[in-house]
Amino acid sequence: MIYFDSDYMVGAHPNVLRALIDTNMLHTPGYGRDSFTAEAARKILEACGLDSGEIFFLEGGTQTNAVVIDRLLDHNDGVIAAETAHINVHEAGAIEATGHKILSLPHSDGKLAAEDIRQYICDFYADETHRYMVRPAMVYISYPTELGTVYSLSELEAIASVCREAGIPLYLDGARLAYGLAAASDVTLADIARLCDVFYIGGTKCGALFGEAVVTRRPELLPRFDSLIKLHGATLAKGRLLGVQFSTLFTDSLYESIGRHAVDLAMRLKEGFRAKGISLYMDSPTNQQFFVLPNHKIDELRKTVSFELWGPRGDTETPVRFVTDWATTDADIDTLLSAL
């Protein structure tokens with residue numbers, strides 16, 4: 001059996017695992033007050049092109065989204081997001097559980113449009129009863145989106161401009177950021193750090209055993225953030241495990257190479273499917289690839305290949321998703337295409 005279900009099915013990249021083993025018997029302070037965490041933060045700020053800012057490390061994506069959004073919003077505020085956004089579809093109401101409403105907007109291939117955001121905010125304040133409504137107080141996007149698409153630099157700049165006009169923060173979910181950056185033609189990590197008020201660099205899906213790194217160039221937006229992380233039960237006592245992993249991911253461009261490897265193989269996969277006459281469900285440039293397969297072909301493939309249905313099974317055909325990662329090999333792609 002070969003696996004294309006998601007990009008967190010295997011453990012850690014060998015370099016990351018080796019670093020964890022090499023540091024395993026060291027005694028260090030807890031809660032991220034160790035030298036490895038400080039080194040990881042320094043490397044990340046440098047990679048982001050930031051002279052100053054703050055880095056916080058958490059364990060998983062949903063946890064990170066819930067804590068960050070809870071900090072950025074007042075209790076009666078809401079977060080603007082696409083209808084397909086991860087926080088709106090696949091996080092089991094984690095944001096609502098913190099007391100914040102998700103204000104979902106229509107999307108285009110998983111992406112929000114700056115003008116739609118602007119219009120929603122204008123309409124809100126034009127309503128004479130807005131004081132009794134949930135205020136749109138931040139914008140959430142992800143890179144890549146839930147459908148594997150990426151924002152162009154001009155699209156990101158337009159959304160950031162709307163947020164600054166409205167005086168609200170722009171937050172970017174980077175669970176798969178390595179793959180988004182590898183697929184982007186004109187967006188860099190420094191661009192994201194410049195345009196987004198807060199974002200996170202995904203580790204769990206990008207070579208780490210677990211972990212996400214929250215980055216902000218505006219620390220004043222996250223006051224007493226360590227305390228809020230603790231309140232959410234999200235503080236890792238052995239915090240150096242996060243520092244060691246991210247220090248390794250940001251050594252010798254490992255994070256970038258993980259992204260490139262997965263995207264290169266995803267493009268091989270897509271080209272192979274299209275050559276066999278398989279229709280795209282979504283044209284994704286990243287490590288997530290979406291197709292429409294006849295149900296009988298799905299049943300046949302699943303005898304040797306593991307992958308996800310993207311939504312409910314249809315009567316005769318169904319959208320499906322295949323995902324590559326740092327551990328995917330050329331042989332895996334060959335085997336899949338042969339089975340297809």
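## Strand β8 and its partners

Gly202 stands opposite Glu212 in β8, a contact that belongs to the pairing of strand β7 (residues 198–202) with β8, which run antiparallel and are joined by five bridges. Strands here are DSSP runs of E with at least two residues, helices are runs of H or I with at least four residues, and both are numbered from the N terminus; two strands pair if DSSP finds at least two bridges between them. β8 also pairs with β2 in the antiparallel sense, again over five bridges, and within β8 it is Val215 that Ile55 stands opposite.

This is a predicted model, in which local features need pLDDT of at least 70 and side-chain atom pairs count only at pLDDT 80 or more, while totals for chains, interfaces and linings use all residues. Residues are numbered from 1 along each chain as its sequence is written, and side-chain values use heavy atoms, with hydrogens and water left out.

Why is β8 largely enclosed by the rest of the structure? Five of the five residues of β8 are buried, where buried means under 20% relative accessible area, exposed over 50%, and partly exposed in between (1.4 Å probe, protein chains only). In a regular strand the side chains alternate between the two faces of the sheet. In β8, Glu212, Val214 and Thr216 point one way and Ala213 and Val215 the other way, and all are buried.

## Helix α3

The twelve residues of helix α3 (residues 61–72) should span 16 Å at 1.5 Å a residue, and its end C-alpha atoms are 16 Å apart, which agrees; the expected span is 1.5 Å times one less than the number of residues. α3 is mostly covered, with nine of its twelve residues buried, among them Gly61, Asn65, Val68 and Leu72.

The largest pocket holds about 370 Å³ of space. Of the 16 residues that line the largest pocket, Tyr31, Gly32, Phe56, Phe57 and Asp226 are the closest to its centre. A pocket is an open set of points on a 1 Å grid over the protein atoms alone, where a 1.4 Å probe fits, with protein on both sides within 12 Å along at least five of seven lines, and lining residues have an atom within 4 Å of a point. β2 (54–58), α2 (35–47) and α10 each supply at least two residues of this lining, and β2 gives the most, with four residues. The lining of the largest pocket divides into nine nonpolar, four polar and three charged residues.

The second largest pocket has about 250 Å³ of space and is lined by 23 residues, of which His86, Asp173, Ala175, Tyr200 and Lys205 lie nearest its centre. α3 gives the most to the lining of the second largest pocket, with three residues, and the lining as a whole has six nonpolar, ten polar and seven charged residues. Ala, Val, Leu, Ile, Met, Phe, Trp, Tyr, Cys and Pro count as nonpolar, Asp, Glu, Lys and Arg as charged, and the others, Gly among them, as polar.

## Backbone features in the loops

The peptide bond from Tyr143 to Pro144 is cis, with omega near 5 degrees, and Pro144 lies in the loop between β5 (135–142) and α7 (153–166).

Asp109, found in the loop between β4 (101–105) and α6 (114–126), has a positive phi of about 55 degrees although it is not a glycine, and it is partly exposed, with a relative accessible area of 40%. Arg224, in the loop between β8 (212–216) and α10 (225–231), has a positive phi near 50 degrees and is exposed, with a relative accessible area of 65%.

Key:
Points joined across faces, edges and corners; volume = space filled by probe spheres on them.
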